[in-house]
Amino acid sequence: MKQRSSAKHIFDDHDRLLISLLRKDGRAPVSKLAEIMGVSRGTVQTRLDRLLESGALLGFTARVRDDYESDQIRAIMMIEVMGKNTSQVIRRMRGLPELTMMHTTSGKWDLIAEITVASLQDFDRVLREVRLIDGVMNSETSILLSSV
């Protein structure tokens, strides 16, 4: 496994365009990306390699419409962390696969976690697990009913 560079990659216009194209279609062939960008296939491949190596681009993934799996329960959990325990809390929360995304925030809540589960029993269990993490002081959770 390659070690990532510690230097922060600075995006230029080609990098931004490449990332934009990959966000639309992460499976697009390098030759197609090169054609759209008006550069050589080698240029695109070199940029992809550099973005991945630096850690600026974490990888490629499939995106599924939020409403595609209607049997899932989705929620947003706002979390207040005690003192300077945020890093410790984040490490523990990363171990919960039902937390599909986490964000640090400013204001009353320190963290926001997006939760996706298959049942109310799973939902209850995840809430309990998060609330039992050392450093979690308070939380408020809202189930997402529909996207508008």
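Is Arg-125 buried, partly exposed or exposed? Arg-125 comes out partly exposed, at 26% relative accessibility (buried is under 20% relative accessible area, exposed over 50%, partly exposed in between, with a 1.4 Å probe and protein chains only).

## Ground rules

This is a predicted model, where local features need pLDDT of at least 70, side-chain atom pairs count only at pLDDT 80 or more, and totals for chains, interfaces and linings use all residues. Residues are numbered from 1 along each chain as its sequence is written, and side-chain values use heavy atoms, leaving out hydrogens and water.

## Arg-125 and its partners

Arg-125 pairs with Glu-129 in a salt bridge, with the closest N and O atoms 3.0 Å apart (a side-chain nitrogen of Lys or Arg within 4 Å of a carboxyl oxygen of Asp or Glu). The two sit 4 residues apart in helix H5 (residues 120-131), so about one helical turn separates them (helices are DSSP runs of H or I, at least four residues, numbered from the N terminus). Glu-129 is partly exposed too, at 29%. A salt-bridge network links Glu-98, Asp-122, Arg-125 and Glu-129.

Asp-15 is buried at 2% relative accessibility, and Arg-47 is buried at 12%.

Arg-47 also forms a salt bridge with Asp-12, closest N and O atoms 3.0 Å apart. Asp-12 lies in the segment before H1, 35 residues from Arg-47, and is partly exposed at 30%.
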